[in-house]
Amino acid sequence: MAEKYDLIIRNATLRSNEKVDIAVAGGKIAAIAPRIEAKAASEVDAAGNLVTESFVNTHLHLCKVYTLMMMDEEALKDYHGADMGKAMTAIEAAMKVKEKYDEKWIIKNVRKAAALAGRYGCTHIRAFADVDSKARLEGVKALLKARDEFKGIVDIQVVAFAQDGLAREPGAEKLMREAMKLGCDVVGGIPWIEYTDADIAEHVRICFQIAKEFDKPVSMLVDDAGDNGLRSIEVMALETIKTGWQGRSLAHHARAMSLYPKPYLQKLAHLLKQAGMGLVSDPHTGPLHARVRELQEENVLVCLGQDDISDAYYPYGRNNMLEVAFLNSHLLWYTTREDMETLYDMVTKNAAKCIGVEDYGLKVGATANLVVLDQPNVLEALRFHEAPKIVVSHGKVVDQLKMDLIYKENS
Ligand SMILES: [Zn+2]
């Protein structure tokens with residue numbers, strides 16, 4: 001007789017502290033009960049430890065991962081070269097790497113980062129691929145390939161990202177449409193880097209225009225500098241409402257927000273809610289960050305992202321969202337038990353909502369994307385921020401040894 005379930009996780013502790021068994025069948029969570037008598041093809045013992053939804057990374061510059069190492073090499077080479085002047089800045093170095101963009105080497109770095117995601121129970125990533133005259137569509141092609149390779153283990157949403165602007169970068173709009181035609185999932189912009197307010201508005205308008213044409217969500221990096229005059233997030237919110245893109249519009253960074261006067265922040269929070277816009281904050285990758293606590297007090301949807309893995313902007317990172325939550329527990333001063341629960345939501349439920357992951361959640365009928373941790377509660381999970389003991393993606397246990405092998409083979 002065939003077993004009723006494909007998988008049962010026994011002796012699980014939920015975040016509510018309930019002790020349950022969790023049964024999985026056909027990729028879905030089929031039952032959650034104090035004791036499930038039926039047998040399954042495969043059973044795992046959580047040993048009383050925490051079992052939750054899997055982790056979600058809403059923001060990763062996946063085409064740039066591990067380019068820091070190439071930059072060191074580049075910088076060194078140029079330093080020894082006769083025509084080299086002063087040391088390059090991070091951005092100049094990043095641009096130099098981009099001139100060498102080739103799907104062939106990018107894919108190896110992407111595989112490493114995706115394998116780490118599998119290892120650390122991060123089953124969904126919104127991943128940015130630069131689209132501009134230097135990167136062309138090389139990053140896009142590598143990320144689309146990885147999306148296919150990791151399907152069902154780590155779901156990758158590929159963002160066609162106009163990193164160098166649209167108004168100031170000739171040809172970028174055309175390339176963005178080509179990227180969307182290749183199959184990108186999200187339209188990505190960065191309005192604040194344009195030179196004038198008129199160009200910022202034009203950048204936002206073009207992104208939403210492309211999003212409408214391809215019926216896709218929008219993700220934009222807004223106001224990523226220490227200038228309280230930067231308010232492209234407001235322009236984005238207004239365009240979201242105008243386009244009717246509520247719930248499909250996500251803002252990232254908004255570091256300038258840390259300098260906004262309180263009355264303006266309150267107006268903005270109201271506008272973000274009206275626009276159904278979420279916000280991804282990455283306080284660990286820059287000295288300023290969005291006003292996370294105040295926004296949450298106003299019931300704005302906020303989550304955390306990894307942002308970078310070893311590129312010109314941030315040296316560390318390993319797609320371990322528990323580590324990201326741990327770091328930001330300090331940077332945001334989220335240190336009470338209640339704060340820790342919020343942090344955990346910011347790398348699971350809130351994050352899934354921000355990027356529109358369907359059928360997500362630890363509930364019967366949802367897709368079985370789960371992690372079995374080696375700790376009994378959220379405090380201990382954050383303290384150790386270790387890889388889960390078991391990762392379940394789309395109802396199947398992820399082969400963590402294979403993830404390690406992919407990492408090594410592409411290193
Ligand atoms: Zn970023």
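Helix α6 buries Ile 200, His 203, Val 204, Ile 206, Cys 207, Phe 208, Ile 210 and Ala 211. A residue is buried if 20 or more other C-beta atoms lie within 10 Å of its own, exposed if 12 or fewer, and partly exposed in between, with C-beta atoms placed from the backbone. This is a predicted model: local features need pLDDT of at least 70, side-chain atom pairs count only at pLDDT 80 or more, and totals for chains, interfaces and linings use all residues. Residues are numbered from 1 along each chain as its sequence is written. Helices (H or I, at least four residues) and strands (E, at least two) are DSSP runs, numbered from the N terminus.

**Helices α6 and α7**

- The buried residues of α6 pack against α5 (172–182), β9 (186–189), β10 (218–222) and α7 (232–243). Two residues are in contact if their C-beta atoms, placed from the backbone, lie within 7 Å.
- Helix α6 covers residues 197–214, 18 residues in total. From first C-alpha to last it reaches 26 Å, close to the 26 Å expected at 1.5 Å a residue. The expected span of a helix is 1.5 Å times one less than its number of residues.
- Helix α7 has 12 residues. Its reach is 16 Å from first C-alpha to last, close to the 16 Å expected at 1.5 Å a residue.
- Ser 232, Ile 233, Val 235, Met 236, Ala 237, Glu 239 and Thr 240 are buried in α7.
- The cover over the buried residues of α7 includes α6, β10, β11 (249–253) and α8.
- Gly 244 follows α7 and has a positive phi, near 75°.

**Helix α3 and its partners**

- Helix α3 (residues 103–119) and helix α4 (residues 138–149) have axes that come within 9 Å and cross at roughly 45°. Axes are lines fitted to C-alpha atoms, for helices over the stretch in contact, and angles run from 0 to 180 degrees between N-to-C directions.
- The two helices α3 and α4 are therefore oblique to each other. Angles under 35 degrees count as roughly parallel, over 145 as roughly antiparallel, 65 to 115 as roughly perpendicular and the rest as oblique.
- The α3 and α4 crossing is right-handed. A crossing is left-handed if the near helix is turned anticlockwise from the far one by less than a right angle, and right-handed if clockwise.
- On the α3 side, Glu 103, Ile 106, Ile 107, Val 110, Arg 111 and Ala 114 meet α4. On the α4 side, the residues are Glu 138, Gly 139, Lys 141, Ala 142, Leu 143, Lys 145 and Ala 146.
- The contact of α3 with α4 holds 7 nonpolar, 1 polar and 5 charged residues. Ala, Val, Leu, Ile, Met, Phe, Trp, Tyr, Cys and Pro count as nonpolar, Asp, Glu, Lys and Arg as charged, and the others, Gly among them, as polar.
- The axes of α3 and helix α14 (residues 400–409) come within 8 Å and cross at roughly 160°. That makes α3 roughly antiparallel to α14.
- The crossing of α3 with α14 is left-handed.
- Arg 111, Lys 112, Ala 115, Leu 116, Gly 118 and Arg 119 of α3 meet Gln 400, Met 403, Asp 404, Ile 406 and Tyr 407 of α14. These residues divide into 5 nonpolar, 2 polar and 4 charged.

**Positive phi in loops**

- Most residues other than glycine have a negative phi.
- Asn 17 is not a glycine, yet its phi is positive, about 80°. Asn 17 lies in the loop between β1 (5–13) and β2 (19–25). With 9 other C-beta atoms within 10 Å, Asn 17 is exposed.
- Arg 136 is not a glycine either, and its phi is positive at about 50°. The loop between β7 (122–130) and α4 holds Arg 136. Arg 136 is partly exposed, with 19 other C-beta atoms within 10 Å.

- Leu 265 sits in helix α8 (residues 262–274). It counts as partly exposed, with 18 C-beta neighbours inside 10 Å.
- Leaving out residues up to four places away in sequence, Leu 265 touches Met 257, Tyr 260, Arg 291 and Glu 294.
- Tyr 334 lies in the loop between α10 (321–331) and α11 (337–346). Tyr 334 is buried, with 20 other C-beta atoms within 10 Å.
- Tyr 334 and Arg 293 are 41 residues apart in sequence, and their C-alpha atoms are 8.7 Å apart in space.
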